[in-house]
Amino acid sequence: EIHTNEKEVTEKEVTLHLLPGEQLLCEASTVLKYVQEDSCQHGVYGRLVCTDFKIAFLGDDESALDNDETQFKNKVVGENDITLHCVDQIYGVFDEKKKTLFGQLKKYPEKLIIHCKDLRVFQFCLRYTKEEEVKRIVSGIIHHTQAPKLLKRLFLFSYATAAQNNTVTDPKNHTIMFDTLKDWCWELERTKGNMKYKAVSVNEGYKVCERLPAYFVVPTPLPEENVQRFQGHGIPIWCWSCHNGSALLKMSALPKEQDDGILQIQKSFLDGVYKTIHRPPYEIVKTEDLSSNFLSLQEIQTAYSKFKQLFLIDNSTEFWDTDIKWFSLLESSSWLDIIRRCLKKAIEITECMEAQNMNVLLLEENASDLCCLISSLVQLMMDPHCRTRIGFQSLIQKEWVMGGHCFLDRCNHLRQNDKEEVPVFLLFLDCVWQLVHQHPPAFEFTETYLTVLSDSLYIPIFSTFFFNSPHQKDTNMHQRQLSLPLTQSKSSPKRGFFREETDHLIKNLLGKRISKLINSSDELQDNFREFYDSWHSKPTDYHGLLLPHIEGPEIKVWAQRYLRWIPEAQILGGSRVATMSKLLEMIEEVQSLQEKIDERHHSQQAPQAEAPCLLRNSARLSSLFPFALLQRHSSKPVLPTSGWKALGDEDDLAKREDEFVDLGDV
Amino acid sequence: MWWGGRGQSFNIAPQKEEPEMGSVQESRMPEPRSHQPSSCLASRCLPGEQILAWAPGVRKGLEPELSGTLICTNFRVTFQPCGWQQNEDTPLSSEYDFALVNIGRLEAVSGLSRVQLLRPGSLLKFIPEEIMIHGRDFRLLRVGFEAGGLEPQAFQVTMAIVQARAQSNPAQQYSGITLSKAGQASGSRKPPVPLMETAEDWETERKKQAARGWRVSTVNERFDVATSLPRYFWVPNRILDSEVRRAFGHFHQGRGPRLSWHHPGGSDLLRCGGFYTASDPNKEDIRAVESMLQAGHSDVVLVDTMDELPSLADVQLAHLRLRALCLPDSSVAEDKWLSALEGTRWLDYIRACLRKASDISVLVTSRVRSVILQERGDRDLNGLLSSLVQLLSAPEARTLFGFQSLVQREWVAAGHPFLTRLGGTGASEEAPVFLLFLDCVWQLLQQFPADFEFSEFFLLALHDSVRVPDTLTFLRNTPWERGKQSGQLNSYTQVYTPGYSQPPAGNSFNLQLSVWDWDLRYSNAQILQFQNPGYDPEHCPDSWLPRPQPSFMIPGPPSSVWLFSRGALTPLNQLCPWRDSPSLLAVSSRWLPRPAISSESLADQEWGLPSHWGACPLPPGLLLPGYLGPQIRFWRRCYLRGRPEVQMGLSAPTISGLQDELSHLQELLRKWTPRISPEVHSKKRDPHTILNPTEIVGILKGRAEGDLG
């Protein structure tokens, strides 16, 4: 369990609940939190606080939570909590005008609008708050979320110091961390890559290079001193081996030099390296240069910032304005097209490996952005192990965390350089979502898992996504000589993230054992289209090669992640949740029948355990589930309701209103 | 495997049966190239059907390819896979049957580059290697012809199709169709869907809705009030038939106000045509009209149905664009797909319909009142909205039976001009309003998967049935024409159809057949898939108890009269336009933007659900659909069926898979230890031999690893 004082929390909602090591920085009282969807602008009064971990709003009527609601509470981040890293933009409203807030303020706004990276939008009215408090809270929030920060100031470290010794690792649920030589050897063995590739420890203690992990895998004949030559640049590093022996490799480009002499040296070095991997037993190598002819990070950044604006809605009117042109706006953001291009590239590489039996060498400047993305996607499509939850977490650990993806910079956790902020990992998750959405039975996890994973990017109690490289993490953690509570379970933030009940929803109820290996295909096809068409014209083997559809109509918006906070987009009593309860019921039934059959078989009378029925008796859920229950204030679906004036005389009105109550109670 | 299904419409895996078929075929027909259609082909013809030409061919585009015969008759083009008659239990094949009127585009292909578009009357310029039939229902049939001496046959069959299309008459019904097994005629109609052709049907339905202030009027029994109206309809108790007759005369085409649905909370949903502005009613008439509209309520809301909804021409244009977009060779680049889709405006129209229906549902639910849907013709959008409102508000309408009754009542009996709207008469008034409605229902099904008893496959089947001329349901424009044809009106025909020849007597089966006789077109396995396995009736309590209506039928003027238009209520001075000035309805307000929502301007026009429905956010049974851009989805399974690269069976219907598993387990358990009674009623499966325990465990393991995966 992640935090210890959880019981107290549920009992006393109104008091601020602090995580171990968390400190209150500033607060303001009588803040009005608008209920966003309502253009009448009524809201809830409460206290707005800022700690070194989060911004939290403590509503006065918070005690009115019913039991159902607490069941779906996130253990770390409450409904009205925003972790500091989750804050995207802060706006102030001065005389009905909305302005971005940053730096030192001369004037303080009457309204504060916070856009979050998980696409929530909060609006706080400060009109009834004391001026001093307004100053303190606004400048506090702006400083702690917008000002550049030092790595050492991350809440992660204070949390790690304070919350020790509460890690329990379940050996069965073990995500491979790839921080030991053994893990790499195991992976080599699993993929049968150990004939041609070897795990090396030449970078132990980060002697050679701080970019690379301490252990990694290279082609067996490659001399270790080659690795040292250009600090790991220009070295083909093994990612994964296919059942037919072909492998996926990645290489970071050599530094660009002007000097002819050095260029000459680089050239002969590369020639040597290529010679090693071009001769048998290695397959023919195809080089994919991801730095040119493919996406640029700039493109991804621009697309996402356009795309997310479609979902960051300040008020209903704004929503309706964009709604009319929804599809063309969506298209013009080209986020979906970027997803398509990533999937397409991954299919192309899959085709090379699967059908043409070639090795593919991914080339990128640092081999830590698109390399991670493409190589993970290829493995997801080709290796059913990666489609289990543990396998997927191991994959992220291998390709992204150990692969040196700069989470710190790409998420802009330290607010040091906005230009570096590129949602590459989010793009990856969105690509995975497309696969999960198209082939749900092939995955052990659901879209809810992916959404939760994407949220955990901004929760600084998991160390996984808060460093630029394993070296950075190790050095920072070691200097402070911490026993890290999260090292074992860190990339599985799902454990204990929700209460047990909702865990069902995160595990894919249908993805059972995925054990079969890919059937080898004899057909050799020479181009992408043929490969793609032929795969799609055959029945899908969920345990084998899995390709996504990439035609126009097939790439979709990850509605759960992007639409969940928009009240207008709620479907009361509908959407997937509605089928989920039925599904759970049937799975329970299947299980109990299977038990019965087993029981008869062993002629044992084991005590019958009643399967828990989770959703059956709960109130009507909406498509927000499990991230929140209904937005309680949205009683009005179409237009705002308040009085019933101009509709008959008062008596009549009262009578009718009574009728409505009765109708509701029926 | 169940969820690998790649049938065009259904989730029934063809792979299972086909190997058997193939082997049967080989043993039975060693000479597949015989030039005489085998006798079994001829025996499969419908009465009056003549085979014009046929050729052996291979169904292409889907794996695995199927060999069979392409047949062109004077009714239809059909592809019969070899050995198909073995499993045949329907007179029409749903998968490969194309009624001549359904053929939207015909292409002959030779080699890689020669493609000829064949219009009725075209001359084929080469020997086709392949023929592509694009259905107007978005289906696609690709048949490749065999080479080696059979080219003339390929040529013949293609030309025969071209000619038969030119000669086909869209209003023509397959004559003499009977159910294959006469004894089980109504097998698929249990309980039979009321066709709303008798007074009893109307009375039963009225009682079911507990509409106590209403009665069945027989004033139109001879279709002399309006031919487009059903023979019976519901009018307020207090209104005499003579008053009804007089009042209806002042409405467009005689379509006066009638009850569509009585809300259990007390409200009434009415529909009527536009006021006939040229008429000059006297005081009595105006009073009759007003009290019919008022229906005893003091609060009356007139809904201008056409406001904010597309015109018929809009619908037609959007549908044409949609079809062009969904053609396999549509030239839209993948990254431009979304704006192209937006450009068709089809989804926009769906969204407008859902929004309006949702608004009206709120109006009907929020207080006891009379809500009148008024459309000039009262035969298109009124039916659409009234059906949608009932689907949103009444759980009964969301059952399979309820939905069929609803369509029968609000579309067929209410006189939606199916033949004209579906392009049968070639008139300019073609507009697939009904298909727009089906898409709206599909959207609801997507949004509320546990609230509907029927499945997407049912909607697809209905979608495809509108172009199969096997029953009269969609082949006529009015109840009068339909009745005339089926010979019901013997005693009245001398008045209305001079010179019309009576259909041959003894054809009594024909009378009863309607589109709801699914076993005409679909096999039992397919009909089973009409059920939504995710339907959870617990969500739909029948707890909308009829409530006493103290204020019902109080004479006197209504205390408030509103016009609902562009999302807002505007007070009206009077219900009828004749007294002083023309009604507001005469002014067309369509497609004006909604006024910006500012709290001030709406101060006296607010409406909506009261904020206190107790613990539930909505009254039980009411669904409010999402109609935002991202929530309106594209019906892939219907519209993209013709695109070979976008195949079916993408997202696994997990619930039906589980259900299968469940019934399998229950069956096993039952067989093994007969004393244990299954908890849940399980579907009948083919009996297996009794297995011993080890085998069962083996099967379970195998299934767990293989099937569920």
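Is Glu203(B) buried, partly exposed or exposed? Glu203(B) is partly exposed, at 25% relative accessibility; here buried means under 20% relative accessible area, exposed over 50%, and partly exposed in between, with a 1.4 Å probe and protein chains only.

Before going on, some ground rules. This is a predicted model, where local features need pLDDT of at least 70 and side-chain atom pairs count only at pLDDT 80 or more, while totals for chains, interfaces and linings use all residues. Residues are numbered from 1 along each chain as its sequence is written, chains are lettered from A and ligands numbered from 1 in the order in which they are written, and side-chain values use heavy atoms, with hydrogens and water left out.

Glu203(B) forms a salt bridge with Arg206(B), with the closest N and O atoms 2.9 Å apart. A salt bridge is a side-chain nitrogen of Lys or Arg within 4 Å of a carboxyl oxygen of Asp or Glu. The two residues sit 3 residues apart in helix 4 of chain B, so about one helical turn separates them; helices are DSSP runs of H or I, at least four residues, and strands are runs of E, at least two, numbered from the N terminus. Arg206(B) is buried, at 13%.

Now chain A. Glu187(A) and Lys398(A) meet in a salt bridge at 2.8 Å, N to O. Glu187(A) lies in helix 5 and Lys398(A) in helix 13, so the pair ties together parts 211 residues apart in sequence. Glu187(A) is buried at 4% relative accessibility, and Lys398(A) is buried at 3%.

Over all chains, the count is 55 salt bridges.
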